[in-house]
Each structure stands twice: as C-alpha cells, then as structure tokens.
Amino acid sequence: MKKYTSVFGMIVRHSFFQIIMIMIGMVFVEVYLFLNAIHKMLMQHGGFSFGLESDASMKLLSPMDTNAMQEMLAEFEAYPIINFELAIENSHIMWIFFLAMLLITVSCCMTGCHFGSHQGYTLQRLQIKEKHIFLLQFIYNTLCYVILWSIQIIVIYVLGTYYVNHMVGTTNQTIFLAFYRNAFLHNLFPMEEWLKWGKLIASILGLGILSAVFPYKQRNGKFGVEIVIMLAIICIWFPSKMANYYVDALVIVWAVGLIAIICWQIWYREKEVKKE
C-alpha cells in the first residue's frame, strides 16, 4: 500500500501546482471578460450602466437627460437590457474553459513521460505494475477534470448572481433559464436531460483515461493519439443543442469505444508480457 501512495504522491507533485494555476487563471480571465462584455453591451444601449436606479449615476453616466433615461428605464423594467446568456457568449467563456481543459490535459499527459523529466524512468524502476500506475494516473486525472467542471459551474453561478443583483428586469429564474437557453451552459449542467449527463460523464472519464494512457504508451515507446481525438470530439460536439439526442449518443459511443479499446490494450499487453 505504501508504494502505491508514493507513486500517487509523485504523480500529484509533478502537475498539481500547474493545474491549480491554470484553474485560477481561467477564473480571473473569465470574470474579466464577462465584466468587459457587460460594459461594452451596456454602452451600446445608450450609456446604461449598473445601478440604474440611482439618479446620481444616471446624471453622471448617461448622455441623455434624466427624464429620457427614466422613460427608457421604465421600458426595460419587464425585460433585462442585456441577456445573461448573450453576455456569456460575448465573453467567450466556453473557449476559455476549453483552453483550460487543453492545458490541464497537456500537464496530465506530460506526467510520467520520459521527456521533460526523469519521472518516467523512476516509475518504471518501481516494483509496481504498469497497469497499476495507469490506474493511479486515471484516478488523479479524472479528479482534476471533475474539479475543473465544478469550478466552471461555480464561476457561472457567481457571475449570474452578480448579473441578477445589478441589472434591471431580472428574476430568480434568470440563471436557471440561461442553463436551458445557452448550449454550452446546458451541456455543462444538463438539468433533466439524462443523455447529456451520460455524455458529460463519458467525456470526463474519457479524458481521465486517455490522458493517463498517453504517458503509459510513451514509456513503452508508443504515442497515445487517442487523447487528441477525444479533445477534438469534445470541442466540436460538446456544446450541442438541447434535445440533440443523435449528437449526444454519438459522443457517448465514441468515448466509451475509446475507453474500451484502451482498457483492452493495456490488459492484453500486460498479459503478453507475462507470457514472454
């Protein structure tokens, strides 16, 4: 048990700091881009800004006279000036999330490889089976992706709460509805769509396994191209529209198929090595 703990600790130490910094950077960039997108969209609506209910802010920020501003404010009381999901789209949060996922994948794939450090050679010299090292990396990598997903959900909720508290015409249902109307948000947290939940779980497990098999194959003189395929599938088909069952099922089949092939390869190879 102690040797497994040592190997797991070695894996964590190699990439934990990098992954934490990537996640922190993602949060700061997304918050900045969201606030910047809100500001630009407000300026396009005649100088509206946060805190419109304040007469002082209307006199300071608006090029119009106070009466005109009050008339426009009354017009938008029943509907927000800026749609929350449109602000999410204009801030390109989806692509920042995908970039963070890509960087985390690179960090996970480099852990345990021969190039870049001596960690790969160290792992091979330990009295532990290669498939057990693969399993430990799979657990760690999957946890990293789960944490990334959780942080993204929290960031969206915090931004939505900030939006609701500072914009007119919003309700308690604004954030909830955004997760239905926006394809990226809906796939990030699919509500009652069980097929999309299946796609989300298959994607996380697929990334965890395929990023763990990359260093496994590299230590044995091969190249794990499967992780590249999985990343391409997620970036292209992950933000599918609501009730798009065909695409969701296709992603699940691809992910499960790749996972099955990798698991069979690892078991078969180790069996052949024992025979030799």
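The questions and answers below walk through a predicted model of a protein chain.

Reader: How many helices and how many strands does the secondary structure of the protein chain come to?

Author: Read from the N terminus on, the elements of this predicted chain run α-α-α-α-α-α-α-α-α-α-α-α. The secondary structure accordingly comes to 12 helices and zero strands.

Reader: What percentage of the contacts in the protein chain with a separation of 6 or more comes from residues 24 or more positions apart?

Author: The chain has 276 residues, of which 47% count as buried. Among its contacts with a separation of 6 or more, the share that belongs to residues 24 or more positions apart is 77%.

Reader: Within what arc do the buried residues of H11 fall, seen down its axis?

Author: Helix H11, residues 226–237, has 12 residues and reaches 16 Å from its first C-alpha to its last, close to the 16 Å expected at 1.5 Å a residue. Its buried residues are Glu226, Ile227, Met230, Leu231, Ile233 and Ile234. They line one face of the helix, because the arc within which they fall, seen down the axis of H11, is one of 160°.

Reader: Are H5 and H11 roughly parallel or roughly antiparallel to each other?

Author: The axes of H5, which covers residues 93–110, and H11 come within 12 Å and cross at roughly 170°, and the crossing is right-handed. On the H5 side, Phe98, Met101, Leu102, Thr105 and Cys109 meet Ile227, Leu231, Ile234 and Cys235 of H11. Since angles over 145 degrees count as roughly antiparallel, the two helices are therefore roughly antiparallel.

Reader: Which residues in H8 do the residues of H7 meet, where the two helices pack at an angle of about 130°?

Author: Helix H7 (residues 130–166) and helix H8 (residues 174–181) pack with their axes 9 Å apart, at an angle of about 130°. That angle makes H7 oblique to H8, and their crossing is right-handed. From H7, the residues Ile153, Ile156, Tyr157, Gly160, Thr161, Tyr163 and Val164 take part, and in H8 they meet Thr174, Ile175 and Phe179.

Reader: Is His186 buried or exposed?

Author: His186 has its place in helix H9, which covers residues 183–188. Leaving aside its neighbours within four places in sequence, His186 is in contact with Phe179, Tyr180, Glu193, Lys196 and Met242. Its relative accessible area is 1%, and because buried means under 20%, His186 counts as buried.

Reader: Where is His92, which has a positive phi although it is not a glycine?

Author: Most residues other than glycine have a negative phi. His92, by contrast, has a positive phi of about 55°, and at 46% relative accessibility it counts as partly exposed. The place of His92 is in the loop between helix H4 (84–90) and H5.

Reader: Does Met191, at 19% relative accessibility, count as buried or exposed?

Author: Met191 also has a positive phi of about 55°, although it is not a glycine. Met191 has its place in the loop between H9 and helix H10 (194–219). Its relative accessibility is 19%, and because the cut-off for buried is under 20%, Met191 counts as buried.

Terms used:
Residues numbered from 1 in each chain as written. Predicted model: local features only at pLDDT ≥ 70, side-chain atom pairs only at ≥ 80, totals over all residues. Heavy atoms only, no water. Helix = DSSP H or I, 4+ residues; strand = E, 2+ residues; numbered from the N terminus. Expected span 1.5 Å × (residues − 1). Buried < 20%, exposed > 50% of the residue type's maximum accessible area, 1.4 Å probe, protein only. Arc of directions from axis to C-beta. Axes fitted to C-alpha atoms, helices over the stretch in contact; angles between N-to-C directions. Parallel < 35°, antiparallel > 145°, perpendicular 65-115°, else oblique. Left-handed = near helix turned anticlockwise from the far one by under 90°. Contact = heavy atoms within 4.5 Å.
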